[in-house]
Amino acid sequence: MDYLDLPQLVAARGTVRLPGSKSISNRVLLLAALAAGETEVRDLLQSDDTTRMLEALRTLGVSIEPLADGGLRVGGVAGVLPVRQAELFLGNAGTAFRPLTAVLALIGGDYGLAGVPRMHERPIADLVDGLRQLGADVSYLDREGYPPLRIASPGPARTDVVRLRGDVSSQFLTGLLMALPLRGAETTVAVVGELISRPYVEITLAMMAKFGVQVRRDGWQRFTVAAGSAYRSPGVVAIEGDASSASYFLAFGAVGGGPLRVEGVGRDSIQGDVRFADALAAMGATIAAGANWLEVSAPASGKLRGIELDCNHIPDAAMTLAAVALFAEGPSTLRNIASWRVKETDRIAAMAAELRKLGATVDEGDDFIRIWPPADGQALRPAAIDTYDDHRMAMSLSLAALGTPLRINDPRTVAKTFPDYFERLAKVTRAVPVVAIDGTSASGKGTVASRVAEALGWHYLDSGALYRLTALAARHAGVAWDDEAGVAAIASELDAHFAGSVITLAGEDVGDLIRSEEISAGASLVAALPAVRAALLFRQRAFRRPPGLVADGRDMGSVVFPDSVRKVFLTASVEVRAERRHKQLIEKGIAASMAALLLDLRERDQRDSQRSVAPMQQSADAELLDTTNLTIATAVAQVLDWVNKVSERG
């Protein structure tokens, strides 16, 4: 799908079992492939990144068999790949591209490595420079310093001490260290400058040790792999839950009340991103932890406070902190995040742009971002969030749904690490409730819906008014009602506002004007245009605000709010509806013919029921209410009774 609309959420609590860690999964797959012996891998992350690694390993001749219990059996090649010539496509999977580059450069053969356009924008020169010091033959096929690459068999090494920059990406050091046992000679990596994202290097060292290779280290500056080092299968490896993915749900618990527990990662985790919980604690959240779980609740005061933090230890999870900052008192500053700029997208620039859409004030630099939430009393603005083909942009900014209705563009990008993220999120969050009241024209749905909203103390949406306003705006602009593209463009920029019973268009009160028969007929025509309905869809959903919404129209329950807590479909005989419309017009001093009204209603019913997009029809789960012989008060009482029964069931 091109987008996913998230309703405004009012609470988050429950338990989530995490998918496997991406960082651990791809490291384990590669090490199992290089090891002597077979390895059974349990709880592997199922995602785009691991799919790319699995495809590459199979192409290189590694035996990988699915097990009946969902695991995988990897047949290790003991450092000798069966296939010595191959073309590998690795998408945008940095955890596959960087380590495979290092391994293939030292193992020998003829290989091409390529990815998606964004992968070709991510620098790799520091890793290639390090490999060349060891005799590797690596060529750039396009732009110097960036993929795609051509790798040939290595020549003699110039040194056994490799100097490698550490301030661009820890994946360079990870890839090099994982490949060094293939040389057979003692090799040292001397890190030049500050090593960023150190917890990810810790994961690398821990996984190498699990497969029998101990790396000697001198702080964070020198790492040595002894001569004769070789990988051996540990037999069975279980993958920890993904701590970066945990950050999204922990943040929902901190902002949405909680308690929200994540299982699969806890205080004993080898992943640095578990320290995201410490950052939430510094912002005032309540934290509990066990060996394999973490749990977060909102502050007792109900309000988080801004934070200033060096994020070198949690570079990926820090993106979630940027979203949490929207709900904190005072500014938040996240520092030492230069690596954001060379990830799946330039995350500093992207995050700044999307937070501003929501109403935040943002300052950005080479290695920091500073966020001020909207001023006191100002709500987050409904926005369509662009995700930049970056899974973490989609997941971290979904947190904003606790403050506003939200549209996530290209939500499929979460498949990189967490394919069912939004389904899991829906299970532990509660949305602003909606009562959808649909029905035929003049069936009384507008009057009933407005009075139900008043009785409940909820907001009210007259969706028909939006279509009437669109028809009126098109008429003012000289755009024909059957000009689909032209009317849709007007709908997308509609300068309309609702304040109680007052409806304005471009600042003019048009409440009576849009109820005229001409504009009503125009509204029915433009509502049948798919592009117009699409343009107004998110605008309608943006009315869904606490404590609740009563929405009336002709597709509220079937299309706009399919998750409504109660759906009602109103109808009445066409004769009664014509009489009601005639009475309304006469009371407003507008001359009207009963015969003409009957004909108009019949034509409108037919047109609405047969339109190609969102035809008017009763939802299967909607209550049918025939108002032919009912008073407004009786109809309102019946709808309230249905709503109250839902509330009683919780």
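Student: Is Phe418 buried or exposed in this predicted model?
Tutor: Buried means under 20% relative accessible area. Phe418 has 0% relative accessibility. It therefore counts as buried.

Student: Which kind of aromatic pair do Phe418 and Tyr421 form?
Tutor: Their ring centres lie 5.5 Å apart, with 70° between the planes. Planes over 60 degrees apart count as edge-to-face. The pair Phe418 and Tyr421 is edge-to-face.

Student: What is the relative accessible area of Tyr421?
Tutor: Tyr421 is buried, and so is Tyr248. For Tyr421, the relative accessible area is 0%.

Student: Why is the pair of Tyr248 and Tyr421 edge-to-face?
Tutor: The ring centres of Tyr248 and Tyr421 are 5.7 Å apart. Edge-to-face needs planes over 60 degrees apart. The planes here stand at 75°, so the pair is edge-to-face.

Student: How many residues apart are Tyr248 and Tyr421?
Tutor: Tyr248 sits in helix α7. Tyr421 sits in helix α12, residues 421-427. The pair links distant parts of the chain, and the separation is 173 residues.

Student: Which element gives the most to the lining of the second largest pocket?
Tutor: This pocket holds about 450 Å³ of space. Among its 27 lining residues, those closest to the centre are Val255, Lys303, Leu326, Phe327 and Ala328. β2 (9-17), α7 (243-256) and β20 (328-329) each supply at least two residues. With 3 residues, the element that gives the most is α7.

Student: Which elements give two or more residues to the lining of the second largest cavity?
Tutor: This cavity holds about 50 Å³. Its lining includes Asn26, Thr95 and Gln171. The elements are α1, α3 and α5.

Student: Which residue lies over the face of Trp481?
Tutor: Arg143 lies over the face of Tyr146, at 3.8 Å from the ring centre. For Trp481, the distance to the ring centre is 4.1 Å, and the residue is Arg475.

Conventions:
Residues numbered from 1 in each chain as written. Predicted model: local features only at pLDDT ≥ 70, side-chain atom pairs only at ≥ 80, totals over all residues. Heavy atoms only, no water. 1 Å grid on protein atoms, 1.4 Å probe; cavity = no way out; pocket = protein on both sides within 12 Å on 5 of 7 lines; lining within 4 Å. Points joined across faces, edges and corners; volume = space filled by probe spheres on them. Helix = DSSP H or I, 4+ residues; strand = E, 2+ residues; numbered from the N terminus. Phe/Tyr/Trp six-rings, centres within 6.5 Å; stacked < 30°, edge-to-face > 60°. Buried < 20%, exposed > 50% of the residue type's maximum accessible area, 1.4 Å probe, protein only. Lys NZ or Arg CZ within 6 Å of the ring centre and 35° of its normal.
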